[in-house]
Amino acid sequence: PDPPPSPFTVLFVGANVEKQLPLDLEGEMERMKTAFHVHFGAVNWKDFAFFEHDCQARATSMMEQIMGGEPTVLHIACHGEPERVHLKGGPLDSTKLAVSILAVNNELGARRIRLVIANACMSGELARKLSEGIDFVIHHGKVSVGDDNAVMFSSTLYRGLGRGLSLWASFNAARLSSDPYELLFP
């Protein structure tokens, strides 16, 4: 695929929901942002990479941010189960979410989402659907991932990317934090 446009935006969306263990969403977002900037510094990246976040995301607010912010990277951090992710407002069918994201993304042209990180338990179904129209999709397969491992994965992935390593090298370093992570690509 062509290189992403510059500057690019990372959109971090997540949600804690009732009856689920709380996730450290603010911590994950801050750690990945800090890790991204650690090598070259935030000042050197300020004109090239922007971070936006919504740690109380609903499906509708996420879609509004995708349409309005045109992120290059979409990072989803929430609880998941087979064929569903949990955002504010209740569980969401993975196929419906993927269809909605792809429908909007297909019309964004050069400003489309190029990478999705589905940092949620059992996010394989969502990832497979998204990979039909997104260049690169990272997911956690059909198994659970602990919050500490998910945060460590994010931090390591973004540290590599911020250092200028390829997605492949950054992913392989990061997946040592939790083995079942997978990277889908064309």
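Lys 19 is exposed in this predicted model. Its relative accessible area is 84%, and exposed means over 50%. Lys 19 sits in the loop that runs between β1 (8-14) and α1 (25-37). Its phi is near 65 degrees, a positive value in a residue that is not glycine. Most residues other than glycine have a negative phi.

Glu 83 also has a positive phi, of about 70 degrees, and is not a glycine. Glu 83 lies in the loop between β4 (79-81) and β5 (84-87). With 48% relative accessibility, Glu 83 counts as partly exposed, because that class falls between 20% and 50%.

Glu 30 belongs to helix α1. The relative accessible area of Glu 30 is 39%, so Glu 30 is partly exposed.

Aromatic rings were examined next. A pair of such rings is described by the distance of the centres and the angle of the planes. The count comes to 10 aromatic pairs. In one of them, the ring centres of Phe 153 and Tyr 181 are 3.7 Å apart and the planes meet at 5 degrees. Planes under 30 degrees apart count as stacked, so this pair is stacked. The pair links distant parts of the chain, 28 residues apart. Phe 153 is in helix α6 (residues 147-163), whereas Tyr 181 is in the loop between α7 (167-174) and β9 (182-184). Both Phe 153 and Tyr 181 are buried. One aromatic cluster is formed by Phe 8, Phe 36, Phe 40, Trp 45, Phe 51 and Tyr 158.

Technical notes:
Residues numbered from 1 in each chain as written. Predicted model: local features only at pLDDT ≥ 70, side-chain atom pairs only at ≥ 80, totals over all residues. Heavy atoms only, no water. Helix = DSSP H or I, 4+ residues; strand = E, 2+ residues; numbered from the N terminus. Buried < 20%, exposed > 50% of the residue type's maximum accessible area, 1.4 Å probe, protein only. Phe/Tyr/Trp six-rings, centres within 6.5 Å; stacked < 30°, edge-to-face > 60°.
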